[in-house]
Amino acid sequence: MSPSVLQRIASGEQAAVRECIAEYGALVWSLARRLTRTPSDAEDATQEIFLDIWRSAGRFDASQGSDKVFIAMIARRRLIDRLRKTSNEPPMDSVDVLETVAWSDPGTASEISHEAERATLALQELRPEQREVLELGLLHGLSQSEIAARLGMPLGTVKSFMRRGLIRVREFMNIDAEGVSARV
Amino acid sequence: MSESGLRGPPDDAMVDLLVKQVTDGLSSAEQRELDAMDAALVGRELRAFERAAAALTLAGTTLEEPPAALRALLEQRGAELFASSTVVEFKKAPPSPPAAATAPLQSASSRSDGSRRDASRSGTWGWLAAAACLILAIFGWIRSPEPVPAPIAQVEPTPVAPISEPQPQPQPPTPAEQRLAMLASADAVKVTLGATKDPAASGVTGDAVWDPQSQTGFLHFVGLASNDPRVRQYQIWVFDGNRDKRYPVDGGVFDVPAGVSEVVIPIHTSLSIGQAKAFAVTVEKAGGVVVSGLGHVVALGAVG
């Protein structure tokens with residue numbers, strides 16, 4: 001198997017950087033747009049995320065997951081940090097915008113990555129309100145408190161739904177689930 | 001820390017904290033609570049939850065192409081990263097007294113700073129005042145002995161390469177050589193970095209040089225304590241006069257291996273610097289942070 005773009009960057013191949021931007025630019029930009037407050041913030045975040053990706057490329061291990069999940073993990077970490085550092089600012093999305101996002105169906109998700117497909121299969125086992133908690137937290141970047149307020153749900157229930165959902169996805173993805181069960 | 005074979009499953013408290021970290025971020029108190037837990041177990045479980053959250057995120061993301069201008073800027077950043085070399089260059093510590101090779105570099109930096117200080121004091125003091133606030137902020141951190149969790153391990157420490165080995169083929173200029181060339185430039189910004197009272201900075205001398213045009217620069221330290229990159233990393237911050245000084249720009253993370261006395265570190269800022277006003281180095285969790293609390297500063301200096 002030929003080395004991935006990330007592996008080529010790690011080996012010092014400069015041309016792979018441009019390919020990396022072409023291949024993952026839309027993914028990073030889309031995540032940044034969704035989880036930042038302004039287009040300017042999204043541009044700054046995208047630059048920071050790509051710098052992280054290039055620095056981290058040597059740690060990508062294809063046996064541990066797909067390149068897209070690796071990229072999304074890095075992006076999420078940066079974006080969550082940024083969100084929480086600016087948590088005293090107004091909410092980033094209007095109600096109307098929040099309603100426009102939806103999970104992919106497994107067929108569509110399979111075109112993105114195997115892990116995304118498994119994640120959507122896990123979602124189908126969750127109750128609608130559990131899926132909604134995950135959607136607000138993961139796709140819209142709302143904090144657990146914000147989700148509780150928005151849904152009129154006790155904070156403990158939000159935490160429980162979030163936890164159960166992520167553990168279920170771990171199980172479907174066969175991620176090292178050592179000792180973790182869907183306790184609620 | 002328990003042995004791997006004896007390590008049990010994560011308890012509810014750990015799982016709750018990990019889920020919150022992955023979805024929400026942790027408060028300082030929550031982070032300290034997590035820091036006190038089994039670092040290896042925390043690291044492994046955190047990665048598992050991060051993967052699950054990332055997969056879900058992929059399943060709910062509709063792709064949108066970035067603006068052409070941003071794409072061009074990213075390509076420029078990537079080229080700069082490679083052009084200035086991704087390696088941090090180290091010199092091995094000599095068996096006895098400080099490396100003679102470092103003396104000329106320190107002298108060159110000091111001379112330049114002396115002339116700059118004479119030229120403009122008023123601008124300096126404003127930034128030094130801001131820097132002083134950072135120093136005041138560090139004292140609560142200096143001797144914090146708490147255990148630290150395993151790194152989230154998604155951000156690779158800047159690769160390091162010893163320079164004591166002879167290069168078999170012609171190589172582009174090393175960071176040390178690039179730094180020397182930059183120091184000779186009249187347009188470059190040169191700053192002496194002062195060490196704080198942090199133990200890691202005891203006896204440290206350092207300087208920074210920054211070229212506004214190429215948006216590149218170098219830090220140079222002698223005597224900075226080694227770090228365990230799995231736990232903590234040094235992180236560079238550039239204070240930009242055109243930005244809010246509460247949020248300095250990330251200049252990259254770096255490590256100092258054991259036994260190394262002198263380091264030259266390329267500065268890779270994540271954003272363009274309009275007017276470099278000050279430089280600082282903090283100790284952060286492995287992988288660095290997006291916005292530093294500037295609570296653990298080991299060196300800093302303001303442009304004269």
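Predicted model: local features only at pLDDT ≥ 70, side-chain atom pairs only at ≥ 80, totals over all residues.
1. Chain B in outline. Chain B has seven helices and 10 strands, and of its 304 residues 45% count as buried. Among the contacts in chain B with a separation of 6 or more, 74% are accounted for by residues 24 or more positions apart.

2. The contact between the chains. Chain A gives 70 residues to the contact and chain B gives 55 residues. On the side of chain B that touches chain A, α1 (12-23), α3 (39-59) and α4 (68-83) of chain B each supply at least two residues, and the largest share, 14 residues, comes from α3(B). By class, this side of chain B divides into 28 nonpolar, 12 polar and 15 charged residues.

3. Helix α7 of chain A against α3(B). Two packed helices are described by the angle between their axes and the distance between the axes. For α7 (residues 114-123) of chain A and α3(B), the angle is about 90 degrees and the axes are 8 Å apart, which makes α7(A) roughly perpendicular to α3(B). The residues that meet are A:Glu115, A:Ala116, A:Arg118, A:Ala119 and A:Thr120 in α7(A), and B:Ala55, B:Leu56, B:Leu58 and B:Ala59 in α3(B). This contact of α7(A) with α3(B) has six nonpolar residues, one polar residue and two charged residues.

4. The buried residues are A:Glu115, A:Ala116, A:Glu117, A:Arg118, A:Ala119, A:Thr120, A:Ala122 and A:Leu123.

5. Helix α8 of chain A against α3(B). The helices α8(A) and α3(B) pack at an angle of about 95 degrees, and their axes are 10 Å apart; they are therefore roughly perpendicular to each other. Here A:Leu134, A:Leu138 and A:Leu139 in α8(A) meet B:Ala53, B:Leu56 and B:Thr57 in α3(B). The residues of this contact divide into five nonpolar, one polar and no charged. B:Leu56 is listed both in the contact of α3(B) with α7(A) and in the contact of α3(B) with α8(A).

6. Strand β9 of chain B and its partners. Strand β9 (residues 276-285) of chain B has eight of its 10 residues buried, so this strand is largely enclosed by the rest of the structure. With β6(B), β9(B) pairs in the antiparallel sense over nine bridges, and the bridge partner of B:Gln233 in β9(B) is B:Glu284. With strand β10 (residues 297-302) of chain B, β9(B) also pairs in the antiparallel sense, over five bridges, and there the bridge partner of B:Phe279 in β10(B) is B:Gly301.

7. B:Arg232 in strand β6. B:Arg232 lies in strand β6 (residues 232-240) of chain B. Is this residue buried, exposed or partly exposed? B:Arg232 is partly exposed, because it has 19 other C-beta atoms within 10 Å, whereas a residue counts as buried at 20 or more. The C-alpha atoms of B:Arg232 and B:Phe254 are separated by 9.8 Å, although these residues are 22 residues apart along the chain.

Conventions. Residues numbered from 1 in each chain as written. Chains lettered and ligands numbered in written order. Contact = placed C-beta atoms within 7 Å. Helix = DSSP H or I, 4+ residues; strand = E, 2+ residues; numbered from the N terminus. Nonpolar A, V, L, I, M, F, W, Y, C, P; charged D, E, K, R; others polar. Axes fitted to C-alpha atoms, helices over the stretch in contact; angles between N-to-C directions. Parallel < 35°, antiparallel > 145°, perpendicular 65-115°, else oblique. Buried ≥ 20, exposed ≤ 12 C-beta atoms within 10 Å, placed from the backbone. Pairing = 2+ DSSP bridges.
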